[in-house]
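Reader: I should like to go through this model with you before I set anything up. Could you put it on screen?

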Amino acid sequence: MPTILDVVCQMTGMGFAAVARVTDERWIACSVRDDISFGLEPGMELAIETTICNEIREHRGPVVIDSVADDELYANHPTPARYGFQSYISMPISMPDGTFFGTLCAIDPKPRNVKTPEVMGSIKLFAELIAFHLHADQRLSAVEAELTDERAVAHLREQFIAVLGHDLRNPLASVRAGVDLIRRRPKRVLELVEHIDQSAARMTALIDNILDFARGRLGGGLMLTINRADPVEPMLSQVIQELQVGHPEREVSVELSLSQPVECDHVRISQLLSNLLANALTHGAADKPTRVQAIAGGGVFELSVANAGRPIPPEAISLSLALFNAHREHFVFDAIYLPDRPRAVTPL
């Protein structure tokens, strides 16, 4: 744009040239070359009703004046007197779809010979070139926005698949462990079949989530189904039992103090506990118990899992929290993993 304005000034002999965005309410300078100290800079505005560009917006034709004093139409026009110019040229900039963007204009306090086919033809070509670049820029911005959306969807898809794989692994491991126990201890078949059935039901619920997610075109996140009637304790106990079956050599200490009903999505809370407890059993000290605590009271539901073992280095915690805060809109749960007490707290 600066190059075009330089050529316009050199070709016409005028000292000021600009590309202006012109609407029915505003005249805004987009790009400016000012060699006559006119005083306009990019981003500055003129009162729309005081400009000839406002008239051009209505009739969509160019206005060219060699000398205001000798021009029959503009000799007594208030705009030249207001802004102190004698020569003037303004060409409308129309987008490919026909919409009016603004003008390519130039002025000078002295008369200039600009009303010639060569000058007018060149200014018209420059206006068309500006419109072409504006249109290309708009299309590029639209493509970049679509690409950003596609990347976000791809990221969400990958994250969902990773979460799903993690969530399905625990009930599946429990089912396989139960089948193995049935083979070795047939007398426990009735007890284990009930447990296997519960794990299979949880896997079915997770698969239903896949379908819900697909219906949202992988862009709307996960829907919550708030359960206000059923207690959460059986659901929490089922998840704990499921993980204990999958890790029979590990000790899990459980404390459930749920004096108030908890309004929550049972499936999501079970996913959360399953992930926290599975991580604790996998990465915690094998010779120390893993503690699970769930408390409901005072308007708050707190779920925590604690394991013994080497603490997470402080720098790793800081990095994880920084990444979490930077991308928290992609997280299904606000779960912060601390070295001694992973927890998730939500209002009742």
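Reader: What span should the 18 residues of helix α7 have at 1.5 Å a residue?
Author: Helix α7 (residues 266-283) should span 26 Å, and its end C-alpha atoms are 26 Å apart, which agrees. The expected span is 1.5 Å times one less than the number of residues. Helices (H or I, at least four residues) and strands (E, at least two) are DSSP runs, numbered from the N terminus.

Reader: Before we continue, what kind of model is it, and how are residues numbered?
Author: This is a predicted model, in which local features need pLDDT of at least 70, side-chain atom pairs count only at pLDDT 80 or more, and totals for chains, interfaces and linings use all residues. Residues are numbered from 1 along each chain as its sequence is written, and side-chain values use heavy atoms, with hydrogens and water left out.

Reader: Back to α7, then. How many of its 18 residues are buried?
Author: In α7, 14 of the 18 residues are buried, so the helix is mostly covered. Buried means under 20% relative accessible area, exposed over 50%, and partly exposed in between, with a 1.4 Å probe and protein chains only.

Reader: Which residue caps the N-terminal end of α7?
Author: D265 does, with a side-chain oxygen 3.0 Å from the backbone nitrogen of V267. A polar contact is a pair of N or O atoms within 3.5 Å; within protein, one must be able to donate a hydrogen and the other to accept it, and residues adjacent in sequence count only if both atoms are side-chain atoms.

Reader: And H266, is that buried or exposed?
Author: H266, which lies in helix α7, is buried, with a relative accessible area of 13%. Leaving aside neighbours within four places in sequence, H266 is in contact (heavy atoms within 4.5 Å) with T225, N227, D230, P231, V232 and M235.

Reader: M235 belongs to helix α6. Which residues in α6 are buried?
Author: They are M235, L236, Q238, V239, I240, E242, L243 and V245. Helix α6 (residues 233-246) has 14 residues and reaches 20 Å from its first C-alpha to its last, close to the 20 Å expected at 1.5 Å a residue.

Reader: Turning to the sheet, what is the order of the six strands?
Author: The open sheet has the order β3-β2-β1-β6-β5-β4, with antiparallel pairing. The strands at the edges are β3 (45-46) and β4 (63-65), each with a single partner strand, so one side of each is left without a neighbour in the sheet. Two strands pair if DSSP finds at least two bridges between them.

Reader: How many bridges join β1 to β2?
Author: Seven bridges join strand β1 (residues 16-22) to strand β2 (residues 27-34), running antiparallel. Within that pairing, A18 has V32 in β2 as its bridge partner. Helix α1 (residues 2-12) packs on the sheet, touching β1, β2 and β6 (100-108), and its direction makes about 65° with that of β2. Axes here are lines fitted to C-alpha atoms, for helices over the stretch in contact, and angles run from 0 to 180 degrees between N-to-C directions.

Reader: What about β5 and β6, how do they pair?
Author: They pair in the antiparallel sense over eight bridges, and I89 has A106 in β6 as its bridge partner. The two strands form a hairpin with five residues between them, and G98 in the turn has a positive phi of about 95°. Seven of the eight residues of β5 (residues 87-94) are buried, so that strand is largely enclosed by the rest of the structure.

Reader: Which residue other than glycine has a positive phi near 55°?
Author: That is S37, in the loop between β2 and β3. At 69% relative accessibility, S37 counts as exposed. Most residues other than glycine have a negative phi. R60 also has a positive phi, of about 60°, and is partly exposed, with a relative accessible area of 42%.

Reader: Last topic: how many disulfides are there?
Author: The structure holds zero disulfides, a disulfide being a pair of cysteine sulfur atoms within 2.5 Å. The sulfur of C105 is 4.5 Å from the closest cysteine sulfur, in C53, too far for a bond. C105 counts as buried at 6% relative accessibility, whereas C30 counts as partly exposed at 38%.
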